[in-house]
Amino acid sequence: MNTDSISNYIRDHLSEKRRIHTEGVRTTAIELARRYGADPEKAETAALFHDMFRGVDRDTLNRYVDELGLDPGRYRDNPNLAHGKIAAEIMRRDYGITDPDIINAVRYHTTGRPGMSQLEKVVFIADAIEPSRDYPGVEELRKATWRDLDEVCLTALSRTSEYVKSRGIPLDEDTAEAEAYFRRLMENKNGE
């Protein structure tokens, strides 16, 4: 895909901090894609689109939730969950991207989901560990990323679950299901 139009969107609509983050996700996703056998061009496209609606005001996001037919109970007034779902639909509608793997990588980059493809895992983890990320435990995640992609997905999902629950926020069902899926996957890998 020609990434010029999304690059122009990023330049014109994202804050400097979000542009730095998006570039970090792009370079990290390409590197992880090469390491784990995903398509680097698809990883780049998904990375560029993943946060295109992250800094958008709540009213605009709510309009998109309605306009795109997203579940208002889950996504209205919930920018953390809505931004990826909206970006995935806009990719399809306005940019003509129909590859389900790229769309799912954007749609689930925040929550994860059971049965994630290599590309989805790459974008999910790239978003968590790109170089400008700075939070407790990020260095451990960065190191684990190069050992086992499934293991680091489980670690990231478990930490997200703990963090969300500690703040008294209901855990998104995609994240809960993804964590259970990766826990079973790792148990099977480890012969438990």
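View 1. Leaving aside residues up to four places away in sequence, T22 touches I10, L14, A47, L48, H50 and D51, a contact being heavy atoms within 4.5 Å.

**View 2. The largest nonpolar core, with M52 among its members.** This core holds 55 residues, of which M52, F53, I86, V122 and I125 touch the most other members; a nonpolar core is a set of buried Ala, Val, Leu, Ile, Met, Phe, Trp, Tyr and Cys residues joined through side-chain atoms within 4.5 Å. Helix α8, residues 118–129, gives the most to this core, with eight residues. When residues up to four places away in sequence are not counted, M52 touches I6, Y9, L14, A87, I90 and Y95.

**View 3. G191 in the segment after α11.** G191 is found in the segment that comes after helix α11 (173–189), and at 65% relative accessibility G191 counts as exposed. The C-alpha atoms of G191 and V164 are separated by 30 Å, the two residues being 27 residues apart along the chain.

**View 4. The whole protein, for orientation.** The secondary structure comes to eleven helices and zero strands. The radius of gyration, taken over C-alpha atoms, is 16 Å, which agrees with the value near 16 Å for a compact globule of 192 residues, the globule rule being 2.2 Å times the number of residues to the power 0.38. Along its principal axes the C-alpha trace spans about 45 × 35 × 30 Å, and 48% of the 192 residues count as buried. Among the contacts with a separation of 6 or more, 59% are accounted for by residues 24 or more positions apart.

**Notes on the model.** Residues are numbered from 1 along each chain as its sequence is written, and side-chain values use heavy atoms, with hydrogens and water left out. Because the model is predicted, local features need pLDDT of at least 70 and side-chain atom pairs count only at pLDDT 80 or more, whereas totals for chains, interfaces and linings use all residues.

Terms used. Helix = DSSP H or I, 4+ residues; strand = E, 2+ residues; numbered from the N terminus. Buried < 20%, exposed > 50% of the residue type's maximum accessible area, 1.4 Å probe, protein only.
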